[in-house]
Amino acid sequence: MEKECVIVLDFGGQYNQLIARRVRECHVYCEVHPNTLSLEEIKKRNPKGIIFTGGPNSAYLPESPTISKEIFELGIPILGICYGSQLMAHLLGGTVSTAPTSEYGKTEVTTSRDSVLFQDVSRTTVCWMSHTDYIAEAPEGFTVSATTPVCPVAAMENPDKKLYATQFHPEVMHTAEGMKMLSNFVYKVCRCKGDWQMSSFVEDTIEAMRKKIGSGKVLCALSGGVDSSVAAVLLSKAVGKQLTCVFVDHGLLRKNEGDEVEAVFGPEGPYDLNFIRVNAAQRFYDKLAGVTEPEEKRKIIGEEFIRVFEEEAKKIGAVDYLVQGTIYPDVIESGLGKSAVIKSHHNVGGLPDYVDFREIVEPLRLLFKDEVRAAGRELGIPEYLVSRQPFPGPGLGIRIIGEVTEEKVRIVQDADAIYREEIANAGADKGLGQYFAAITNMRSVGVMGDERTYDYAVALRAVCTSDFMTAEAAQLPWEVLSKVSSRIVNEVKGVNRVLYDCTGKPPATIEFE
Ligand code: XMP
């Protein structure tokens, strides 16, 4: 049976993968391709629908990205979004020009009752706009299906030709009824059945990896985080013992984390793979001794990681493939994914230059974090691993202000474990993007059992964020904070004070270093 698919053609907008993800949320498989994908290639894929993304250009300028007008004659439903809508208007004889008034942000849009795209959508609905150009006049054969006071064509359509366009972005969260509109497009216009599930992604990826890798050898740097764990399990299901996972325990992991990772991926765990755990804590502590500057610490940890991994890889010998748990946000953060090597640097600090391999495979490259978690659940990975919060590559090294010492590592591990335990006990983790304990470099005077103390202050941090680019300090219940703080000073030797970080990002960052 042929798989239903919607294709997103990328015209350089920032939300292109988000569109694909929203379509997948409608249970329709969706992939993003460059706008240069040929008509032949498009036809070969037999898509049920095509979506043109936004982009930063002006559709009427000759140097702007464009597409052959023949695409509108294929009989395949097309939805143009923002630049995509302007391009459709421009190519089909409408007028696109600089808008007298640009619209940015949440905007009230009036929609037409007659449009199938706006079925069950409120007549006045909040949409996300971000444009300086606009469609001044829709092409012949099109009707205007939405307007704003300053945008005469906020949406247009030619239902006979199955062509639809919106000036606003239905894919972003701020468009209140955007999912309804996309769902109308895929179900009511494209007539999709909606039979795609994360289980299909998992099965298809395992099959694709099996085919690609054949009898080759695969190496994976496993951190125990969600992404590399899901990538490793996918590969183990695909090629079993042809996969070797190297887990470098740099001694800067959370309390018991190394053993937890080993319990799942090691010989006692449920997966059929080769697992190598390298206990390299002392090497890292030695290298970090006396170093206080945050960037220098990060660099040392990154470099030592490469060195340890390289030594293990050399023992294994030449491998054919290196698996990376790169996910879509990594691709964006490291410069729109122009090169696989850049991303591997982002994730593991520059590994591939040193390891003898033929190709990188990145099975999760198209997925967002919550989709990766869903894939992990589909694969039967334990919930505590799948729902794990993000943890930085340099680990506790950047949650220990100043010099890293074994004593400080112990303090931060114990304090953090108490904090996480109490948050879990209180069910206070809802809505938190990340929460952890850090050890400040401050010692201060306290009194315990009539004795003077001069000990460290631990800082607790909890932030609400969905993208980790900006964050607000969470308003944790006082009872939780006071319980955590009293447990930490009572149970963790060397701490006599607990502080709560109330700063957002910006101006602070989420991590302390
Ligand atoms: P900041 O501290 O920049 O953190 O606000 C934003 C998010 O990124 C994580 N982070 C890192 N992740 N390697 C990583 O893999 C790193 O060097 C690193 N530094 C910060 C941080 O935990 C938060 O989720």
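Which residue stands opposite Thr111 in strand 7? It is Ala146, and this pair is a handy way into the model, which is a predicted one. Local features here need pLDDT of at least 70 and side-chain atom pairs count only at pLDDT 80 or more, while totals for chains, interfaces and linings use all residues. Residues are numbered from 1 along each chain as its sequence is written, and side-chain values use heavy atoms, with hydrogens and water left out.

Strands are DSSP runs of E, at least two residues in length, numbered from the N terminus, and two of them pair if DSSP finds at least two bridges between them. Strand 5 (residues 95-111) meets strand 7 (residues 143-148) in the antiparallel sense, over two bridges. Strand 5 also pairs with strand 6 (residues 124-137), again antiparallel, this time over 12 bridges. In that pairing, Glu103 sits opposite His131 of strand 6.

Elsewhere, strand 10 (residues 218-221) runs parallel to strand 11, joined to it by four bridges, with Ala221 opposite Val246. Strand 11 (residues 243-249) is largely enclosed by the rest of the structure, because seven of its seven residues are buried, meaning under 20% relative accessible area (1.4 Å probe, protein chains only). In a regular strand the side chains alternate between the two faces of the sheet. For strand 11, both faces are covered: Leu243, Cys245, Phe247 and Asp249 are buried on one side, and Thr244, Val246 and Val248 on the other.

What about the ligand? The residues around it, each with a heavy atom within 4 Å, are Arg298, Pro390, Pro392, Gly393, Pro394, Ile398, Gln434, Phe468, Lys505, Thr509, Ile510 and Glu511. This shell splits into six nonpolar, three polar and three charged residues. Oxygen atoms of the ligand lie 2.7 Å from a backbone N or O atom of Ile510, 2.8 Å from a side-chain N or O atom of Gln434 and 3.2 Å from a backbone N or O atom of Gly393. On its own the ligand exposes 490 Å², and the protein buries 72% of that (Shrake-Rupley method, 1.4 Å probe).

As for disulfides (cysteine sulfur pairs within 2.5 Å), the count is zero. Cys82 is buried, at 7% relative accessibility, and its sulfur is 9.6 Å from the closest cysteine sulfur, in Cys151, so the gap is too far for a bond. The sulfur of Cys464 has its closest cysteine sulfur in Cys502, 12 Å away, which is also too far for a bond.

Terms used. A polar contact is a pair of N or O atoms within 3.5 Å; within protein, one must be able to donate a hydrogen and the other to accept it, and residues adjacent in sequence count only if both atoms are side-chain atoms. Ala, Val, Leu, Ile, Met, Phe, Trp, Tyr, Cys and Pro count as nonpolar, Asp, Glu, Lys and Arg as charged, and the others, Gly among them, as polar. Buried means under 20% relative accessible area, exposed over 50%, partly exposed in between (1.4 Å probe, protein chains only).
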